[in-house]
Amino acid sequence: MGTLKQLFINESRPSSGCVSNEELQKSASYLIEQACKDPGVQRAGVVVIVNAASSSFADMLSSFSVTDVKRQVVLLHSTPCMLKQTFVFRAPALVSATWQFVLSLMKQKARERVTFVDSIEELARELGEGALTSDFGGSYEFDWDAWVQ
């Protein structure tokens with residue numbers, strides 16, 4: 001059995017526009033690629049948790065271009081063997097509906113790897129408390145300094 005890795009993405013960035021969506025997407029892809037160099041992670045996979053609780057449809061429209069969406073679709077299709085699941089946490093209804101439409105245009109395998117969840121309890125049922133950081137009600141101790149070394 002391998003070691004499952006989690007990548008947490010918080011949609012509420014401190015300063016809108018300080019980092020482009022392209023940079024965030026490339027960073028996430030890079031982190032998944034680096035995590036998958038570990039044979040245990042290759043077996044278990046990577047789970048991405050996107051905290052969309054503070055995002056809005058207006059924010060999404062103003063911050064995502066068609067190019068950003070296309071890039072995200074390509075990234076989802078280019079990492080299917082590594083990316084086990086993406087959980088979108090507390091997305092507002094209109095944001096969720098929009099992404100559900102985008103997902104409907106994708107291959108079934110990619111669609112099955114995106115799950116919208118509305119509660120910490122749902123995340124804990126899916127992943128276990130040991131895989132969630134304390135801000136998600138879990139017990140996973142995240143040490144940024146150790147992780148980047």
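Reader: How do you know that helix 5 has close to the expected span from its first C-alpha to its last?

Author: Let us set the value against the rule. The expected span of a helix is 1.5 Å times one less than its number of residues. Helix 5 (residues 93-104) has twelve residues and reaches 16 Å, close to the 16 Å expected. A word on the background: this is a predicted model, where local features need pLDDT of at least 70, side-chain atom pairs count only at pLDDT 80 or more, and totals for chains, interfaces and linings use all residues. Residues are numbered from 1 along each chain as its sequence is written, and side-chain values use heavy atoms, with hydrogens and water left out.

Reader: What makes a run of residues a helix or a strand?

Author: Both are DSSP runs, numbered from the N terminus: helices are H or I with at least four residues, strands are E with at least two. By that rule the protein chain has eight helices and four strands, in the order β-α-α-β-α-α-β-α-α-β-α-α from the N terminus on.

Reader: Why is Asn51 called buried?

Author: Buried means under 20% relative accessible area, exposed over 50%, and partly exposed in between (1.4 Å probe, protein chains only). Asn51 has 18% relative accessibility, so Asn51 counts as buried. This residue lies in strand 2, where six of the six residues are buried. Val47, Ile49 and Asn51 point one way from the strand, and Val46, Val48 and Val50 the other way.

Reader: What makes strand 2 and strand 3 a pair?

Author: Two strands pair if DSSP finds at least two bridges between them. Strand 2 (residues 46-51) and strand 3 are joined by six bridges and run parallel. Ile49 stands opposite Phe87, while Asn51 has Phe89 as its bridge partner. Strand 3 also pairs with strand 4 (residues 114-117), in the parallel sense, over four bridges; there Phe89 stands opposite Val117.

Reader: Why is strand 3 called largely enclosed?

Author: Six of the seven residues of strand 3 (residues 83-89) are buried, so the rest of the structure largely encloses this strand.

Reader: How do you know that the buried residues of helix 5 line one face?

Author: They are Val95, Ser96, Val102 and Leu103. Seen down the axis, they fall within an arc of 120°, so they line one face of helix 5. The arc is that of the directions from the helix axis to the C-beta atoms. On the other side, Ala93 and Phe101 are exposed.

Reader: What span do the 15 residues of helix 1 have, and which of its residues are buried?

Author: Helix 1 (residues 21-35) should span 21 Å, and its end C-alpha atoms are 21 Å apart, which agrees. Its buried residues are Asn21, Gln25, Ala28, Ser29, Ile32 and Ala35. They cover an arc of only 130° around the axis, which puts them on the same side of helix 1.
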